[in-house]
Amino acid sequence: MDGYTVAALRGVSLEIATGEFVAVMGPSGSGKSTFMNLLGCLDSPTGGDYVLAGENVSQLTGDALAAIRNRRLGFVFQNFNLLARTSAVENVELPLLYSQCPADERRRRAMARLAEVGLDERAHHHPSQLSGGQQQRVAIARALVNDPVLILADEPTGALDTRTSFELMGLLQQLNRGGMTVVLVTHEHDIATFASRIITFRDGHVLDDQRVAQPADARAMLEALEREAA
Amino acid sequence: MKWLASIRIALRALRVNKLRSTLTMLGIIIGVAAVITMIAIGSGAQSRVEEQIKSLGSNLIMLLPGSVTSGGVRMGSGSRNTLTEDDAAAIQREILDVQAAAPQLRGTGHVVAGNNNWSTVFYGVTPEYLEARNWVIATGKGFEPSDLKGAAKVALLGETVATNLFGDGDPVGQVIRIRKVPFTVIGTLQRKGQSLMGQDQDDVILMPISTARNRVLGGGAARQRTVGSIFVKVREGADMKGVENEMRSLLRQRHRVQPGADDDFTLRNLSEVLAAREESSRIMALLLAAVASVSLLVGGIGIMNIMLVSVTERTREIGLRMAVGARARDILTQFLVEAVTLALIGGLLGIALGIAGSVAVAQLAGWHVDLRLESIMLAVGFAAAVGVFFGFYPARKASRLLPIEALRYE
């Protein structure tokens with residue numbers, strides 16, 4: 001930009017295996033957002049390679065990246081990013097709209113995913129009629145609907161209270177136990193403890209990459225929280 | 001992505017901002033309605049002129065008496081009756097391309113039939129007259145050569161005269177008095193409508209020229225064989241200019257006009273006059289349509305404006321759609337379909353308003369309007385084209401957004 005290049009990431013070499021639950025941490029400006037954008041195929045690296053599920057996607061552009069995002073990736077955002085005035089099930093259907101999926105098949109798969117996150121009874125509610133936690137669960141159903149190889153969650157608990165955060169992390173852990181690879185960005189340490197691996201960025205480098213032997217169990221934490229309240 | 005899905009998304013987006021969508025459509029509605037109404041009025045005027053041409057008959061040349069010069073003073077046109085029945089006969093006989101040369105002798109008079117009376121124009125004519133003017137007998141029969149020879153007191157009535165004298169009754173066989181002379185009605189003429197000058201051409205009585213001269217007009221007209229004018233019908237496909245020139249030299253020769261002197265008659269090619277009028281009414285219709293399309297253009301700019309606002313408002317939606325796999329062309333299609341849908345709905349409403357407007361103009365102003373399917377299809381096509389044209393820039397702007405930046409947009 002403006003004649004000189006700012007390197008947001010330099011010398012980062014990471015491998016994330018299928019079935020891992022990775023938490024990415026780091027202060028703002030550490031390069032973790034750039035890292036997530038690269039993982040999410042929303043941006044292309046100026047140098048280096050990104051191999052996703054055996055396919056080198058670093059040189060792909062535009063439409064090809066859109067197709068990769070559509071088929072391989074699921075996104076969960078901090079602010080949910082659901083379409084307003086659109087029912088939950090239609091929000092979940094959205095990625096299928098871009099993958100030539102017939103209408104009845106779309107509806108069937110979307111309903112199945114909503115059932116998985118426990119919201120099948122709210123399928124026809126609009127986002128404004130759902131709580132924050134429910135909205136985020138709709139977003140997770142949307143991320144899952146295309147059977148992705150990787151779920152990318154960017155501060156998914158940022159807009160939720162502690163209880164709902166634990167609920168949501170419980171859902172992500174459950175998905176992870178089912179074999180889904182999850183990469184999560186957070187700046188909250190207690191949220192990161194639910195992951196099986198924590199990568200910390202600083203100034204464009206990996207500062208720390210450690211495996212957690214015994215990740216905390218979100219369901220158990222939630223129950224403990226409820227016992228305390230009672 | 002499927003077209004149907006795109007249209008459904010577009011309709012939903014338009015429903016979200018109902019008032020805004022309606023106001024944006026208003027420009028297109030007014031534009032399409034204006035185009036349809038203006039074309040209807042323009043082509044109404046045009047078809048009226050075409051009707052007049054048909055009623056007059058094509059390839060028609062009219063011969064009128066010209067001016068005479070007396071001691072260096074030139075009198076005006078028609079100052080002396082220089083044309084005669086013999087001139088008409090000579091034209092018919094000597095010029096091959098002339099199909100019919102029909103002299104007419106004009107008079108006005110009061111007509112009485114039973115309890116009704118009416119003032120009208122009568123023409124003394126020959127049997128060729130009806131042929132030259134493309135006039136058809138509606139009921140009864142036309143003149144026989146014997147009527148002409150014997151100056152029989154028989155008459156053909158124009159529709160207006162027939163209605164005024166006999167109402168709905170059948171005039172054929174009835175007796176009428178023209179300037180106190182009794183005539184038998186032998187037929188009626190088919191309706192011909194207004195002339196080029198707005199005169200009622202059906203307010204007329206036709207009689208044999210010999211009858212008009214000898215039994216009704218009398219006096220000087222009876223002594224000479226002069227006529228008021230001669231209608232000349234030229235054969236289809238003949239060279240009008242050539243026939244005109246032949247006629248001119250024939251008449252100059254017959255009237256012994258010195259070389260270099262003015263004609264003592266006037267030649268008027270009526271078809272040319274009408275063609276010019278048709279051309280001017282056609283230009284008028286085009287002009288009306290052009291003015292109306294300006295309002296469509298303004299409506300299109302309204303669409304572009306609203307689509308740009310919409311793209312900005314929905315930046316995050318665009319980012320999300322891109323993140324879950326929408327390609328640039330999916331986004332382009334979505335916004336383009338939205339703009340075209342807006343324009344087409346406006347176009348359909350505009351058609352309804354345009355038809356209503358045309359009918360209202362026809363009813364209230366009494367104008368002849370001509371609502372054509374082509375003009376309606378043209379207006380809708382134009383509306384869709386406006387949608388594509390003015391929707392393209394905002395749609396392309398949307399499709400060029402970068403997903404990361406669009407997602408981060410507040």
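**Exercise 1. At what angle do the axes of helix H5 (residues 132-144) of chain A and helix H6 (residues 162-177) of chain A cross?**

Some ground rules come before the solution. This is a predicted model, in which local features need pLDDT of at least 70, side-chain atom pairs count only at pLDDT 80 or more, and totals for chains, interfaces and linings use all residues. Residues are numbered from 1 along each chain as its sequence is written, while chains are lettered from A and ligands numbered from 1 in the order in which they are written.

Solution. 
- Step 1. Find the helices. Helices (H or I, at least four residues) and strands (E, at least two) are DSSP runs, numbered from the N terminus.
- Step 2. Take the axes. These are lines fitted to C-alpha atoms, for helices over the stretch in contact, and angles run from 0 to 180 degrees between N-to-C directions.
- Step 3. Read the geometry. The axes of H5(A) and H6(A) cross at roughly 20° and come within 10 Å.
- Step 4. Classify. H5(A) and H6(A) are therefore roughly parallel (angles under 35 degrees count as roughly parallel, over 145 as roughly antiparallel, 65 to 115 as roughly perpendicular and the rest as oblique).
- Step 5. The crossing of H5(A) past H6(A) is right-handed. A crossing is left-handed if the near helix is turned anticlockwise from the far one by less than a right angle, and right-handed if clockwise.
- Step 6. List the contacts. From H5(A), Gly132(A), Gly133(A), Gln136(A), Arg137(A) and Ile140(A) meet Thr164(A), Glu167(A), Leu168(A) and Leu171(A) of H6(A). Two residues are in contact if their C-beta atoms, placed from the backbone, lie within 7 Å.
- Step 7. Sort them. This contact holds three nonpolar, four polar and two charged residues (Ala, Val, Leu, Ile, Met, Phe, Trp, Tyr, Cys and Pro count as nonpolar, Asp, Glu, Lys and Arg as charged, and the others, Gly among them, as polar).

**Exercise 2. Describe how H6(A) packs on helix H8 (residues 218-229) of chain A.**

Solution. 
- Step 1. The axes lie 8 Å apart, at an angle of about 155°. H6(A) is therefore roughly antiparallel to H8(A).
- Step 2. H6(A) passes H8(A) with a left-handed crossing.
- Step 3. On the H6(A) side, the contact residues are Arg163(A), Phe166(A), Glu167(A), Met169(A), Gly170(A) and Gln173(A). H8(A) brings Ala218(A), Arg219(A), Met221(A), Leu222(A) and Leu225(A).
- Step 4. The classes are six nonpolar, two polar and three charged.

**Exercise 3. How many residues of chain A are in contact with chain B?**

Solution. 
- Step 1. Chain A has 18 residues in contact with 16 of chain B.
- Step 2. Helices H2 (62-72) and H3 (88-97) of chain A each supply at least two residues of the chain A side. H2(A) gives the largest share, six residues.
- Step 3. The chain A side has nine nonpolar, five polar and four charged residues.
- Step 4. Check the scores. The model has ipTM 0.91 and pTM 0.71.
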